[in-house]
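Below are some short notes on the model. They begin with the chain as a whole and then turn to one surface patch.

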Amino acid sequence: MVLPLTAFMSAYAQEAIAPPKAVSFAYGMSLNIAKVMIGISPAANVCAAKPDQMTYRDSQGETHVLEYSVLGTGCSN
(Lines give C-alpha, C1' and ligand atoms only; values in the text may rest on other atoms or scores of the structure.)
Protein backbone atom coordinates (compact mmCIF):
# COMPACT_ATOMS: atom_id res chain seq x y z
CA MET A 1 0.00 0.00 0.00
CA VAL A 2 2.85 2.40 0.76
CA LEU A 3 4.57 1.91 -2.60
CA PRO A 4 1.59 2.92 -4.79
CA LEU A 5 0.96 5.98 -2.63
CA THR A 6 4.64 6.96 -2.81
CA ALA A 7 4.66 6.57 -6.59
CA PHE A 8 1.52 8.69 -6.90
CA MET A 9 2.92 11.46 -4.69
CA SER A 10 6.22 11.41 -6.58
CA ALA A 11 4.47 11.78 -9.94
CA TYR A 12 2.27 14.54 -8.55
CA ALA A 13 5.28 16.44 -7.16
CA GLN A 14 7.08 16.28 -10.52
CA GLU A 15 4.28 18.06 -12.39
CA ALA A 16 5.56 21.55 -12.99
CA ILE A 17 2.93 24.23 -12.85
CA ALA A 18 4.10 27.38 -14.60
CA PRO A 19 3.43 30.51 -12.55
CA PRO A 20 1.17 33.03 -14.24
CA LYS A 21 2.85 35.84 -16.17
CA ALA A 22 2.98 39.15 -14.30
CA VAL A 23 0.69 41.89 -15.59
CA SER A 24 1.77 45.50 -15.14
CA PHE A 25 -0.66 47.65 -13.18
CA ALA A 26 -2.27 50.57 -14.99
CA TYR A 27 -4.53 53.14 -13.38
CA GLY A 28 -8.17 52.43 -14.16
CA MET A 29 -7.71 48.70 -14.73
CA SER A 30 -10.39 46.51 -13.22
CA LEU A 31 -9.06 44.09 -10.59
CA ASN A 32 -10.99 41.12 -9.23
CA ILE A 33 -9.05 40.29 -6.05
CA ALA A 34 -10.77 37.75 -3.83
CA LYS A 35 -7.70 36.71 -1.80
CA VAL A 36 -4.07 37.77 -1.65
CA MET A 37 -2.27 34.43 -1.64
CA ILE A 38 1.38 35.10 -1.04
CA GLY A 39 1.09 38.69 0.03
CA ILE A 40 2.89 41.81 -0.79
CA SER A 41 6.63 41.84 -0.20
CA PRO A 42 8.08 44.71 1.85
CA ALA A 43 9.57 47.66 -0.01
CA ALA A 44 13.32 47.64 -0.62
CA ASN A 45 15.56 49.85 1.52
CA VAL A 46 16.43 52.21 -1.35
CA CYS A 47 15.40 55.76 -2.25
CA ALA A 48 13.81 55.02 -5.60
CA ALA A 49 10.73 53.50 -7.18
CA LYS A 50 11.20 49.76 -7.65
CA PRO A 51 8.95 47.10 -9.20
CA ASP A 52 7.11 44.80 -6.80
CA GLN A 53 4.60 42.00 -7.27
CA MET A 54 1.43 40.76 -5.62
CA THR A 55 0.08 37.26 -6.23
CA TYR A 56 -3.66 36.88 -5.77
CA ARG A 57 -6.70 34.77 -6.62
CA ASP A 58 -9.79 36.16 -8.31
CA SER A 59 -13.39 35.20 -7.52
CA GLN A 60 -13.18 32.27 -9.97
CA GLY A 61 -10.10 30.83 -8.24
CA GLU A 62 -7.65 31.83 -11.00
CA THR A 63 -4.18 32.91 -9.87
CA HIS A 64 -2.78 36.24 -11.09
CA VAL A 65 0.43 38.19 -10.56
CA LEU A 66 0.21 41.99 -10.58
CA GLU A 67 3.37 44.06 -10.97
CA TYR A 68 3.44 47.65 -9.73
CA SER A 69 5.94 50.30 -8.63
CA VAL A 70 6.58 51.09 -4.99
CA LEU A 71 8.80 53.73 -3.40
CA GLY A 72 11.56 52.23 -1.28
CA THR A 73 11.92 52.94 2.42
CA GLY A 74 15.46 54.36 2.13
CA CYS A 75 14.41 57.98 1.55
CA SER A 76 14.70 60.51 4.36
CA ASN A 77 13.22 64.00 4.60
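1. The protein chain exposes about 6300 Å², and carbon and sulfur atoms supply 60% of that area. Accessible areas come from the Shrake-Rupley method with a 1.4 Å probe, and for residues only the protein chains shown count as cover.

2. This is a predicted model: local features need pLDDT of at least 70, side-chain atom pairs count only at pLDDT 80 or more, and totals for chains, interfaces and linings use all residues. Residues are numbered from 1 along each chain as its sequence is written, and side-chain values use heavy atoms, with hydrogens and water left out.

3. One helix and four strands make up the elements of the protein chain, in the order α-β-β-β-β from the N terminus. Helices (H or I, at least four residues) and strands (E, at least two) are DSSP runs, numbered from the N terminus.

4. Of the 77 residues, 10% count as buried, meaning under 20% relative accessible area; exposed is over 50%, and partly exposed lies in between (1.4 Å probe, protein chains only).

5. A nonpolar surface patch consists of F25, Y27, L31, I33, V36 and I40, together about 590 Å² of accessible area. Patch residues have over 30% relative accessible area and no salt bridge; like charges are joined within 9 Å, nonpolar side chains (Val, Leu, Ile, Met, Phe, Trp, Tyr) within 5 Å. A salt bridge is a side-chain nitrogen of Lys or Arg within 4 Å of a carboxyl oxygen of Asp or Glu.

6. I40 lies in strand β2 (residues 35-40) and counts as exposed because its relative accessibility is 52%. V36, also found in strand β2, is partly exposed at 36%.
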